[in-house]
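Subject: Structure handover

Hi,

Here is the structure I promised to pass on. Have a look at it first, and then read on for what turned up.

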Amino acid sequence: MTDALFWVSYFGLWVLTLTLLAAVFFLYRYHGQLFLNSAEGRSNQGPGLQHSITPHNVKDLKGEELVLGGITNAKQFVFFASVKCGPCSEALPALDAFAKAHQAQMQTTIVCRGSNREVANFAKVLTSQIRVVADPKWSIGTNLRVSTTPFAFILDEQKIVRAKGMPADREGFEWFLDQVHRYEERDRRTAPVSLGHARQSL
């Protein structure tokens, strides 16, 4: 009888210990997600603001090469997604309209976690000239310090990161260009005036 009670208590203790460990794990994961989705968590993701990024040579679903952070004459908007991310899928129509409206001044790229087939199916709703890159192992996302999706950043013509965040609708996407224009306006105001231009102004 005593031995039976011992083994019951022993196994009961192990069950309680494992239950507590599982509870701690899920609480840790839950609060980690809360932090990643907070304003502070979003600001810690991705490349640093007002810094350039190391150019990344990648291939899109068509097999064509492109460079994230490469030297071009256009702004670059990079949207990170996952085939299993519901908010990412819901944001695609707004992203499509945003990219189409500004394609003359901006290149838009989607980096999506999933196989080529999964990503192609994910992006089939797009009608604009968005470059789509499959990132099965999330190596591009990891190198650029992106841990949650949706996430995006925008580079100006000098390939400086001017804004980053988690856009979900057209207004959210337009905010990125507004930030670039704000910095462009600031740079125009603070640019040195040539002596000849100053004399003409006088």
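Two strands count as paired here if DSSP finds at least two bridges between them. Keep in mind too that this is a predicted model.

With that in hand, start with E6 and E7: they run antiparallel and are joined by 4 bridges. Within that pairing, Leu 155 sits opposite Val 161 of E7. The hairpin they form has 5 residues between the strands, and Lys 159 adopts a positive phi near 65 degrees there. E7 is mostly covered, with 5 of its 5 residues buried.

In E1, His 56 and Val 58 make up the covered face, while Asn 57 and Lys 59 are on the uncovered one. In E2, Leu 66 and Leu 68 are on the covered face, with Glu 65 and Val 67 on the uncovered one. The bridges tie these together: Val 58 has Leu 66 as its partner in E2, and Lys 59 stands opposite Glu 65.

Now the cysteines. Which of them are bonded? A disulfide joins Cys 85 to Cys 88, with the sulfurs 2.3 Å apart, and the count for the model comes to 1 disulfide. The torsion about that S-S bond is about 80 degrees, so the disulfide is right-handed. Cys 85 counts as buried at 10% relative accessibility, and Cys 88 is buried at 0%. What about Cys 112? Its closest cysteine sulfur is that of Cys 88, 7.2 Å away, which is too far for a bond, since a disulfide needs the sulfurs within 2.5 Å. Cys 112 is buried as well, at 0% relative accessibility.

On to the interior. As a rule, nonpolar side chains in soluble globular proteins tend to be buried together. The largest nonpolar core in this model has 28 residues, and those with the most contacts inside it are Phe 77, Phe 79, Leu 95, Ile 110, Ile 154 and Phe 173. The elements that each give it two or more residues are E3, H3, E4, H4 (116–122), E5 (131–134), E6 and H6. H3 supplies the largest share, 7 residues. Another core lies apart from the largest one; it has 16 residues, among them Phe 80, Val 133, Ile 140 and Leu 155.

H6 deserves a look of its own. How does its length check out? The helix covers residues 170–190, and at 1.5 Å a residue its 21 residues should span 30 Å; the end C-alpha atoms are 31 Å apart, which agrees. Its buried residues are Phe 173, Glu 174, Phe 176, Leu 177, Gln 179, Val 180 and Tyr 183.

Finally, two loop residues. Trp 138 is in the loop between E5 and H5 and counts as buried at 7% relative accessibility. Its C-alpha atom is 5.9 Å from that of Arg 113, although the two residues are 25 apart along the chain. Setting aside neighbours within four places in sequence, Trp 138 is in contact with Phe 80, Ala 81, Val 111, Cys 112, Arg 113, Val 146 and Thr 149.

Thr 148 belongs to the loop between H5 (139–143) and E6. Is this residue buried or exposed? Thr 148 is buried, with a relative accessible area of 7%. Its side chain makes a polar contact of 2.7 Å with the side chain of Gln 45.

Cheers

Technical notes: Residues numbered from 1 in each chain as written. Predicted model: local features only at pLDDT ≥ 70, side-chain atom pairs only at ≥ 80, totals over all residues. Heavy atoms only, no water. Buried < 20%, exposed > 50% of the residue type's maximum accessible area, 1.4 Å probe, protein only. Expected span 1.5 Å × (residues − 1). Core = buried A, V, L, I, M, F, W, Y, C linked by side-chain atoms within 4.5 Å. Polar contact = N/O pair within 3.5 Å; in protein donor to acceptor, adjacent residues only side chain to side chain. Contact = heavy atoms within 4.5 Å.
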